[in-house]
Amino acid sequence: MKITRRKFFSSLITIVSVPFLYALNSEVERKIEIDKRKEKIYLPADLGNGIFFFNSVIIIKEGEKISVYSSKCSHLGCKINKVENGKIVCPCHGSVYGLNGEVVKGPAVKPLKKLSINKEIESGRLFVYEQPF
């Protein structure tokens with residue numbers, strides 16, 4: 001039986017792509033499973049202006065603008081829960097962050113992780129996904 005060049009390359013591509021597609025499918029399934037474990041943190045509706053520590057997030061509200069950051073310090077992962085002189089301060093090693101999440105004073109060198117605010121379609125409530133420690 002003679003195999004044509006076209007049939008050979010078609011078979012080769014199929015054989016090579018099967019492991020790749022399997023790996024891709026496994027990664028997608030893993031991502032879906034991780035997303036299922038994330039919990040929603042609903043932002044309080046009656047939030048005034050200022051800096052608020054709520055569950056595992058830091059909420060900064062200035063007028064109509066709301067920013068949400070992970071309360072996990074980018075230095076060694078301590079939970080941030082302190083404000084001094086209008087700046088966000090890590091209680092463990094003294095890293096200081098501005099209201100935009102950027103490092104003002106080390107030892108941290110990376111900014112706080114900014115979180116996306118989502119809106120629930122049914123209720124219109126704002127939420128972010130919890131950031132595990």
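Which cysteine sulfur is closest to the sulfur of Cys90, and how far away is that sulfur? I began my notebook with this, keeping in mind that the model is predicted.

**Entry 1: the cysteines**

I looked up Cys90 and found that the closest cysteine sulfur belongs to Cys73, at 3.8 Å, which is too far for a bond. The cut-off I needed here is 2.5 Å, because a disulfide is a pair of cysteine sulfur atoms within that distance. I then checked how covered these two residues are: Cys73 is buried, with a relative accessible area of 4%, and Cys90 is buried as well, at 2%.

Next I searched the whole structure for disulfides and noted one. It joins Cys78 to Cys92, with the sulfurs 2.3 Å apart. I wrote beside it that a disulfide is a covalent bond between the sulfur atoms of two cysteines. The angle about the S-S bond is -115°, and the link of Cys78 and Cys92 is left-handed. The pair links distant parts of the chain, 14 residues apart: Cys78 is in the loop between strand S4 (65-70) and strand S5 (82-84), while Cys92 is in the loop between strand S6 (87-89) and strand S7 (96-97). Cys78 is buried, with a relative accessible area of 17%, whereas Cys92 is partly exposed, at 41%.

**Entry 2: the aromatic rings**

How many aromatic pairs does a search of the whole structure find? I noted two. In one of them, the rings of Phe8 and Phe9 have their centres 5.2 Å apart and their planes at 75°, so I recorded the pair as edge-to-face. Phe8 is partly exposed at 47% relative accessible area, and Phe9 is partly exposed at 41%.

The rings of Tyr42 and Phe127 have centres 6.0 Å apart and planes at 55°, so this pair is tilted. It links distant parts of the chain, since I found Tyr42 in strand S1 (residues 40-42) and Phe127 in strand S11 (residues 126-129), 85 residues apart. Tyr42 counts as partly exposed, at 25% relative accessibility, but Phe127 counts as buried, at 6%.

I also looked for charges over these rings. Lys40 lies over the face of Phe127, at 4.5 Å from the ring centre, and the charged end of Arg125 sits over the ring of Tyr42, 3.9 Å from its centre.

**Entry 3: a surface patch**

Finally, I came back to Phe8 and Phe9, which form a nonpolar patch on the surface together with Ile3, Leu12 and Val16, with about 490 Å² of accessible area together. I looked up Val16 in particular: its place is in helix H1 (residues 5-37), and it counts as exposed, at 56% relative accessibility.

Key
Residues are numbered from 1 along each chain as its sequence is written. This is a predicted model: local features need pLDDT of at least 70, side-chain atom pairs count only at pLDDT 80 or more; totals for chains, interfaces and linings use all residues. Side-chain values use heavy atoms; hydrogens and water are left out. Helices (H or I, at least four residues) and strands (E, at least two) are DSSP runs, numbered from the N terminus. Buried means under 20% relative accessible area, exposed over 50%, partly exposed in between (1.4 Å probe, protein chains only). Patches are made of residues with over 30% relative accessible area and no salt bridge: like charges are joined within 9 Å, nonpolar side chains (Val, Leu, Ile, Met, Phe, Trp, Tyr) within 5 Å. Accessible areas come from the Shrake-Rupley method with a 1.4 Å probe; for residues, only the protein chains shown count as cover. A salt bridge is a side-chain nitrogen of Lys or Arg within 4 Å of a carboxyl oxygen of Asp or Glu. Rings of Phe, Tyr and Trp (its six-membered ring) pair if their centres lie within 6.5 Å; planes under 30 degrees apart count as stacked, over 60 as edge-to-face and the rest as tilted. A charge sits over a ring if NZ of Lys or CZ of Arg is within 6 Å of the ring centre and within 35 degrees of the ring normal.
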